[in-house]
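Have a look at the model first, then read on.

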Amino acid sequence: MSNFRYKQIVGGRILTPQGWLYGGSVIVEGTKIFAVETTQLSIQDAERIDVCGADIVPGGIDLHVHGGGGRDFMEGTREAFDVAVEAHLQFGTTSIFPTLSSSTVPMMEAAIDTCREVMLDDTSPVQGLHLEGPYFNPAQAGAQIPEWIKAPRPEEYYSILERGRGVLKRWDEAPELEGSKGFVVACASHNVLPSIAHTRALYHDVHEANLAGMTHATHFYNAMPVVYKKREYKIPGTVESIFAEKNMTIEMIADGIHVPPIMLKMAWQVKGTEKTCFITDSLAVAASDSAVAFDPRVIVEDGVCKLADRSALAGSIATMDRLVRTAVQQAEIPMEDACRMISETPAKIMGIYDRKGSLQKGKDADIICFDHDQQLTFVMQCGRVIKAC
């Protein structure tokens, strides 16, 4: 354990809310950022950490991640949570929202209880639970387990929302389903972000859901239709409908496979950095030597997870650092914007920007560094050095 009161991170440009700061330093005291200084002059009682020219940016916040290190959050156990969270921490995810695919009620309840236990530690990367389903359009099931997909049932979701108070932070649903509006309103009243997913919603469905409180779109472009023709007429798909709703935020799987880089760039140009974030949507095989997914129907091939019959992609094997590399090197998005879309934007979407998402005095000391090739060189989570330069 260090005997120093502070850690002083120097030697690279620093991403601040005002832009890049050159020649400065980030001072950390305990679990918090003590100051962001405009000088690199050594301060008294500080351990000096030189990042050797790397970019010093806020830690990554993953809003949508199913597992890692060989474990899946659907297991619902403390061990599975701890292993998966620690695996992603090594690759720059300093805040995480564990995600369950469409599950049974007992599975959701177990995950809620485990998540609550984990969150008792104020320094845990876990910020809350995310349920992806099971209220989806069966025609857009993708890799979701089909027998668990259904329309929303008030007696079911109200029970889960009550059990998940303070823990459940987001729940995805297809807004064209019968009873959708009641579900969206119920989520919003429990401070749970409703998000559109696995859907064939038309503009009317999207607009009405948005008015009811559904303001986010899950893995944008994936499991939702784009514009199509009905006889001689064009019908706006879910994608165009979300583009049209100015207040709707989007997340994209920036592994370069789920969404082609040119489409990443186009969506960013339309929605902007403030309403676009990147996610891994990774499965248990991410950040591990394993090639076995939690779902036995899933295989790993061509750097991505697929259903064995190759009818659909089934999640990624990406880690946080890969999202940045893909955005910068393949989609030609500026480094500043790519880093904001893994930190600032997701923090604002999930209502944790008062603690996370930027390098500012008083916020959690979640800091990562990338070299000029966008390779991860340093990870700090709540003041704890996970990966040293």
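## Surface and ground rules

How much of the accessible surface of the chain belongs to carbon and sulfur atoms? The accessible surface comes to about 15,400 Å², and 52% of that belongs to carbon and sulfur atoms; areas here come from the Shrake-Rupley method with a 1.4 Å probe, and for residues only the protein chains shown count as cover.

Keep in mind that this is a predicted model, so to speak of local features takes pLDDT of at least 70 and side-chain atom pairs count only at pLDDT 80 or more, while totals for chains, interfaces and linings use all residues. Residues are numbered from 1 along each chain as its sequence is written, and side-chain values use heavy atoms, with hydrogens and water left out.

## The overall build

The chain has 10 helices and 24 strands, taken as DSSP runs numbered from the N terminus (helices: H or I, at least four residues; strands: E, at least two). Its C-alpha trace spans about 70 × 45 × 40 Å along the principal axes. For 389 residues, a compact globule would have a radius of gyration near 21 Å, and the 20 Å of the chain agrees with that; the radius is taken over C-alpha atoms, and the globule rule is 2.2 Å times the number of residues to the power 0.38.

Among contacts with a separation of 6 or more, 68% link residues 24 or more positions apart; a contact means heavy atoms within 4.5 Å.

## Helix H4

H4 covers residues 180–189, and its buried residues are Ser180, Phe183, Val184, Ala186 and Cys187. They span an arc of only 165° around the axis, which puts them on the same side of H4; the arc is that of the directions from the helix axis to the C-beta atoms.

Those buried residues pack against helices H3 (154–163) and H5 (203–212), plus strands S13 (168–173) and S14 (193–196). Just past H4, asparagine 191 has a positive phi of about 60°.

## Helix H5

On H5, the buried residues are Val206, Ala209, Asn210 and Ala212. Seen down the axis, they fall within an arc of 160°, so they line one face of the helix. The face turned away from that buried side carries the exposed His204 and Leu211.

What do the buried residues of H5 pack against? Their partners are H4, S14 and helix H6 (238–244). Glycine 213 follows H5, with a positive phi near 130°.

Methods
Buried < 20%, exposed > 50% of the residue type's maximum accessible area, 1.4 Å probe, protein only.
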